[in-house]
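Visitor: I have a structure to look through and would like to know where its labels come from. Could you take me through them one at a time?

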Amino acid sequence: MEKEVMILTGAGQIGMAIARRMGYGKKIILGDKKPENARAVAKIMNEAGFDVLPMEMDLSSKDSILNLIAEAKKAGRITMLVNAAGVSPSQAPIEEILKADLYGTAVLLEEVGKIIAPGGVGVTISSQSGHRMEQLSPRADEQLACTPPEELLSLEILQPENIRDTLHAYQMAKRCNEKRVMAEAVKWGKRNARINAIAPGIIVTPLALDEFNGPRGDFYKNMFANSPAGRPGTADEVANVAELLLSDKGAFITGSTFLIDGGATSNYFYGSPLSAK
Ligand SMILES: NC(=O)c1ccc[n+]([C@@H]2O[C@H](COP(=O)([O-])OP(=O)(O)OC[C@H]3O[C@@H](n4cnc5c(N)ncnc54)[C@H](O)[C@@H]3O)[C@@H](O)[C@H]2O)c1
């Protein structure tokens, strides 16, 4: 019997945790910019009974995304998308963050939305970070939600003079992810498919470890220490939310973003003034 296909981008801890939870019995086409990461995760998972094909894929390139989708189509009916590829503020310059996290995610959601099988479902990983940024105007929100992907990076709000630093670029990218999910949910719905976002707080992964060791390291350590949970989260806890969203139990959930941050955002807005802001 032909297997259903999961497209997985990002051979990181969060991507792997979700794929291990939801990818059993499926053919998993795994794309990552670093082929060694894709191969390493494929090896771990294949040795645990999964069926993973690792590929080199750059989320910031439309051609590369289309190539991954073409490979997935050859494998069978694409019923699931997990987008867990991305770079953090300490890992890349502004331009790269906008190109991969913002533009690339928009392209991926749109392109998979064109071919996802009826009843299919997807999840993309945004971030609590976007929830700390000030509200944007309704017009800016709509631009992030609906501008065709190829025009996104030309928006005035994303020009260098309007982006303060890499953290701001990351927050704009993650805000955009959530707005795209809302707009895409309408289109995916026409195919009887669903798409949602998960906005994690600090989850211990190589990406978060780069942040702990980067210029904002103390800020992040204070953030989780002062949060209601008092600790960082794990990729498996993110997979708990993904399991709800990607399974039939989440059948009424689409176009939504789920914040899973141990209460760090609540603390940021309404916690003690001495807490990390
Ligand atoms: N870890 C956290 O604290 C945290 C918090 C909020 C959001 N996130 C988001 O979760 C997602 C997954 O991150 P993670 O924490 O699992 O990190 P990770 O470092 O474990 O994995 C990220 C993977 O994405 C790959 N990648 C980077 N740029 C790429 C590109 N242009 N094309 C294809 N692959 C690329 C990396 O090579 C890496 O394998 C990211 O979007 C990140 O922004 C993480």
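This is a predicted model: local features need pLDDT of at least 70, side-chain atom pairs count only at pLDDT 80 or more; totals for chains, interfaces and linings use all residues.

Visitor: Why are H4 and H8 called roughly parallel to each other?

Guide: The axes of H4 and helix H8 (residues 166-190) cross at roughly 10 degrees, and they come within 9 Å. An angle under 35 degrees counts as roughly parallel, and H4 and H8 are therefore roughly parallel to each other.

Visitor: Which residues of H4 and H8 make the contact?

Guide: On the H4 side they include Ile94, Ile97, Leu98 and Asp101, and on the H8 side Thr166, Ala169, Tyr170 and Trp188. By class, the contact of H4 with H8 has 12 nonpolar, 4 polar and 6 charged residues.

Visitor: What makes H3 roughly parallel to H4?

Guide: Helix H3 (residues 62-75) and helix H4 (residues 94-115) have axes that cross at roughly 30 degrees and come within 10 Å. The cut-off is under 35 degrees, so H3 is roughly parallel to H4. The crossing of H3 and H4 is right-handed.

Visitor: Which residues of H3 meet H4?

Guide: Lys62, Ile65, Leu66, Ile69 and Lys73 do, and their partners in H4 include Gly104, Val107 and Leu108. The contact of H3 with H4 divides into 7 nonpolar, 1 polar and 3 charged residues.

Visitor: Why are H6 and H8 called roughly perpendicular to each other?

Guide: The axes of helix H6 (residues 138-146) and H8 cross at roughly 70 degrees and come within 7 Å. Angles of 65 to 115 degrees count as roughly perpendicular, and therefore H6 and H8 get that label. H6 passes H8 in a right-handed crossing.

Visitor: What does H6 bring to H8, residue by residue?

Guide: Asp141, Leu144, Ala145 and Cys146 of H6 meet residues of H8, among them Arg175, Cys176 and Lys179. In the contact of H6 with H8 there are 6 nonpolar, no polar and 4 charged residues.

Visitor: Now the sheet. What is the order of its strands?

Guide: The order is S3-S2-S1-S4-S5-S6-S7, in an open sheet of 7 strands with parallel pairing.

Visitor: What makes strand S3 (51-56) and strand S7 (257-260) edge strands?

Guide: Each of them pairs on one side only. From one strand to the next, the twist averages 20 degrees.

Visitor: How do you know that strand S6 (residues 194-200) and S7 pair?

Guide: Pairing takes at least two bridges. S6 and S7 have 4 bridges, in the parallel sense, so they count as paired. Pro200 has Ile260 in S7 as its bridge partner.

Visitor: Which strands does H3 lie across?

Guide: H3 lies across strand S1 (5-9), strand S2 (27-32), S3 and strand S4 (78-83), and runs at about 170 degrees to S2.

Visitor: Last, the ligand. How many residues surround the ligand?

Guide: There are 30, and the closest are Gly12, Ile14, Gly86, Thr205 and Leu207. Helix H1 (13-22) and helix H9 (206-212) each supply at least two residues of the shell. By class, the shell has 15 nonpolar, 11 polar and 4 charged residues.

Conventions
Residues are numbered from 1 along each chain as its sequence is written. A residue is near a molecule or strand if its C-beta atom, placed from the backbone, lies within 6 Å of it. Ala, Val, Leu, Ile, Met, Phe, Trp, Tyr, Cys and Pro count as nonpolar, Asp, Glu, Lys and Arg as charged, and the others, Gly among them, as polar. Axes are lines fitted to C-alpha atoms, for helices over the stretch in contact, and angles run from 0 to 180 degrees between N-to-C directions. Angles under 35 degrees count as roughly parallel, over 145 as roughly antiparallel, 65 to 115 as roughly perpendicular and the rest as oblique. A crossing is left-handed if the near helix is turned anticlockwise from the far one by less than a right angle, and right-handed if clockwise. Two residues are in contact if their C-beta atoms, placed from the backbone, lie within 7 Å.
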